[in-house]
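Subject: Structure handover, with notes on helix packing and voids

Hi,

Here is the structure I promised to pass on to you.

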Amino acid sequence: MKHALLIAGGGTLGCYTYMELLRLGWKVDVIDAEQRISFNRHLKWIQGMVSDELLNDVLTQNRYDTIVDFIHYTDPIAYRRRGALLMKHTEQLIFLSSYRVYSDVDKIVTEDTPQWLDVCKDEYFLTHENYAIPKSQNERWIRSCGQKNWTIIRPMISFSHYRLDLVTQGAQTFFLRAREGKKTLLPAASRYLTAGVNWAGNAGKLIAHLCGNPNALGQAFTIGMGETHTWNDVAEIYSDVLGAEFEWVDTDAYIQYATGGGYMAKCMLFYDRLLDRQVDISKVLHATGLKIEDLVTTKDGILYELEYLAGRPDLVQRFENTASREILQKMDAYLERQGEGQ
């Protein structure tokens, strides 16, 4: 029986990855900060904050066929030590990158599309953006380390009961406002652009089928669903199911009234959500032997997650606990002002 280790594997992508691995007959260990109980003898939870000390302890006890690392590393120098440690103790290390590393050079994105790190001329972005750029830098090191027992995955925006995404808004905003009968602001410039969302269940299935897969070694794969929707399409699904209402506003107003206004919020918009690009997932389908028909549609994925949330008030409470009251109040103020002007 093949044995996998999922690092920080209890979240959005990890939960569906380990479920698919179990279905495929793997034994799975999952490191997670929360205390969890397993009723499956092939699934073991290891509670703890991920550290070199914890990993050394786990890795001296087991030799894993595949390690999937779901952590986002913002320090490329520090990652080199971690990456080397993990590759030393496995036949395959799967590194979590993101489709956000891709630049806007190509209208249809493939694994060969140039990355922002390679083509962007904005020096401030290259030195201050802390998501796509560090992932690209870590990818670059992995490719140059002299090993071939690695696989890079670049998932699209993955939604699950842990997180729901609509442009740059999450469930802690539009889900809660829908329950209160309030509109959520969205940027009009993104409305009819391709939405880079994918159900986490699809991502987990694709990732699991890359585990232990000889065709995946020394390769990078974009993880998506092969289905094209606009952000307006996604918003309409939430409108239909939740009764959510949206106000599409100009970009400046959106940044001012619907985000924290920080640099990373602007990066997310201008270097991803306001780009109109389709993602070609033919490479990962070919490597895994899966077909588009094996993946769940965006609408069905959303319906599944909302039904799951209906039975998990603790998760809904977490949305409430993580909501930015300042942003909610700014949206209210904007909408009240617009109402007065009519």
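Predicted model: local features only at pLDDT ≥ 70, side-chain atom pairs only at ≥ 80, totals over all residues.

Helix 1 and its partner

Let me begin with helix 1, which spans residues 14–23, and helix 8, which spans residues 200–210. Their axes come within 7 Å and cross at roughly 50 degrees. An angle between 35 and 65 degrees is neither roughly parallel nor roughly perpendicular, and the two helices are therefore oblique to each other. The crossing of helix 1 past helix 8 is right-handed.

Which residues make the contact between helix 1 and helix 8? From helix 1 come Y16, T17, E20, L21 and R23. Facing them from helix 8 are A200, G201, G204, K205, I207, A208 and H209. Sorted by class, this contact holds 5 nonpolar, 4 polar and 3 charged residues.

The second largest pocket

Helix 1 also turns up in the second largest pocket, where it supplies the largest share of the lining, 4 residues. The volume of this pocket is about 220 Å³. Its lining has 14 residues, and those closest to the centre are R36, H161, Y162, Y308 and R312. Two or more lining residues come from each of helix 1, helix 13 (298–310) and helix 14 (313–322). In terms of class, the lining is made up of 8 nonpolar, 1 polar and 5 charged residues.

The cavities

How many cavities of 30 Å³ or more does a search of the whole structure find? The search gives 2.

The largest cavity has a volume of about 60 Å³. Its lining consists of Y99, T194, A195, G196, W231, D272, R273, L275 and R277. These divide into 4 nonpolar, 2 polar and 3 charged residues.

The second largest cavity holds about 40 Å³ of space. Around it are R100, W116, F125, E129, A132, C267, Y271 and D272. Helix 11 (residues 263–273) provides the largest share of that lining, with 3 residues. By class there are 5 nonpolar and 3 charged residues here, and no polar ones.

Best wishes

Note on methods:
Residues numbered from 1 in each chain as written. Heavy atoms only, no water. Axes fitted to C-alpha atoms, helices over the stretch in contact; angles between N-to-C directions. Parallel < 35°, antiparallel > 145°, perpendicular 65-115°, else oblique. Left-handed = near helix turned anticlockwise from the far one by under 90°. Contact = heavy atoms within 4.5 Å. Nonpolar A, V, L, I, M, F, W, Y, C, P; charged D, E, K, R; others polar. 1 Å grid on protein atoms, 1.4 Å probe; cavity = no way out; pocket = protein on both sides within 12 Å on 5 of 7 lines; lining within 4 Å. Points joined across faces, edges and corners; volume = space filled by probe spheres on them.
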